Amino acid sequence: MKDNKLVVGYIGNGKSTNRYHLPFILQRPDTFFVKSIYNPRIHHDVWEKIEGVNYTENIEDILADEEIDLVCVCTRHDFHYSYTKMVLEAGKHCLCEKPFTKTSAQAKELFALAKEKGLFLSAYQNRRYDSDFLTVQKVIESGKLGDLLELEMHFDYYRPEVPESVKEFDPFNSYLYGHACHTLDQVISYFGKPDSIHYDVRQLLGPGRMNDYFDLDLYYGMLKVSVKSSYFRVKERPSFVVYGKKGMFIKQSKDRQEEHLKAFYMPTNEDFGKDLPEHYGVLTYYDEMGICHEEKVETVQGDYARVYDGIYDCIVNGKEQVIKPEETILQIEMLEEGILCCKD
């Protein structure tokens with residue numbers, strides 16, 4: 001550590017590092033210091049160079065640097081397992097992008113290695129801190145919905161060019177692996193392990209093509225949680241719809257952090273990621289007197305930097321790890337099971 005800050009290195013200098021990590025960790029200058037970024041070929045034609053950061057094309061500048069405490073693996077998913085293992089074997093804590101690994105066996109091996117060496121290891125599940133998901137939790141915990149019956153969550157796009165450009169089926173380059181790792185983690189983090197799961201995972205363009213659709217139903221007693229996504233939704237379904245015995249809640253729009261990041265509107269802006277009143281969800285419920293109410297619910301502020309807060313608290317302050325190994329392993333087991341529905 002340096003002045004009570006965790007010293008951090010990154011493996012990868014693409015979209016993941018520059019859009020979903022650096023803008024947030026740089027908002028925590030009292031707890032983190034970004035020292036080095038490794039990439040096989042360093043260039044700054046897309047992402048600007050950050051002043052004070054060492055850019056290197058030598059991986060040993062990350063792995064052999066005794067000052068670096070934590071290494072973040074932000075490469076293509078194909079390299080997550082190998083780089084994470086290299087980081088742990090170098091004696092450093094590690095944060096790895098999603099999907100964490102291709103298989104649950106790889107994930108179990110890496111978590112066992114981290115435990116053996118007394119190191120922190122976690123998947124980067126930033127979507128736990130999406131504003132829409134946090135708002136749904138607030139509504140559920142208000143008790144106004146009564147006993148929960150059903151929750152639907154959608155992660156839709158209209159991007160037909162993506163599956164149409166892929167001519168071969170690859171389970172690890174699927175929509176399920178790339179996007180359900182977000183939504184399944186949200187469900188697991190809040191509801192835990194389901195009693196049972198029904199998988200509907202398809203290739204809408206036919207057998208041998210890319211997986212571009214999924215609809216997963218997770219059952220918790222009488223509660224059904226549905227996780228649905230497609231690349232062929234001209235108009236997006238609501239981000240969340242929640243039904244209870246006494247009411248329902250609809251959050252139409254997604255968290256806006258990604259929207260702002262894609263526009264290079266950074267967390268340094270006070271209104272970064274914030275919903276406007278027109279983005280607020282609508283809660284409809286009956287009170288104890290049988291009177292129906294309909295009201296807008298102010299959105300809870302999302303903040304991907306909270307992943308890093310949890311890392312610091314775990315490594316430095318000895319608090320419990322937020323994104324637990326068993327949750328990540330369970331999520332990958334679900335992905336493994338679900339992708340078997342596709343025709344290769």
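The model is predicted, so local features need pLDDT of at least 70 and side-chain atom pairs count only at pLDDT 80 or more, while totals for chains, interfaces and linings use all residues. Residues are numbered from 1 along each chain as its sequence is written, and side-chain values use heavy atoms, leaving out hydrogens and water.

Let's begin at strand S5, residues 93-96; strands (E, at least two residues) and helices (H or I, at least four) are DSSP runs, numbered from the N terminus. S5 is covered on both faces, with His93 and Leu95 buried on one side and Cys94 and Cys96 buried on the other. Buried here means under 20% relative accessible area with a 1.4 Å probe, protein chains only. In a regular strand, side chains alternate between the two faces of the sheet.

Now look at the neighbours of S5. Strand S4 (residues 70-73) pairs with S5 in the parallel sense over four bridges; pairing requires at least two DSSP bridges. Here Val71 stands opposite Cys94. S5 also pairs in the parallel sense with strand S6 (residues 121-123), over three bridges, and Ala123 is the bridge partner of Cys96.

Helices H1 (15-25), H7 (175-191) and H8 (257-262) each supply at least two lining residues. H7 gives the largest share, five residues.

Methods. Buried means under 20% relative accessible area, exposed over 50%, partly exposed in between (1.4 Å probe, protein chains only).
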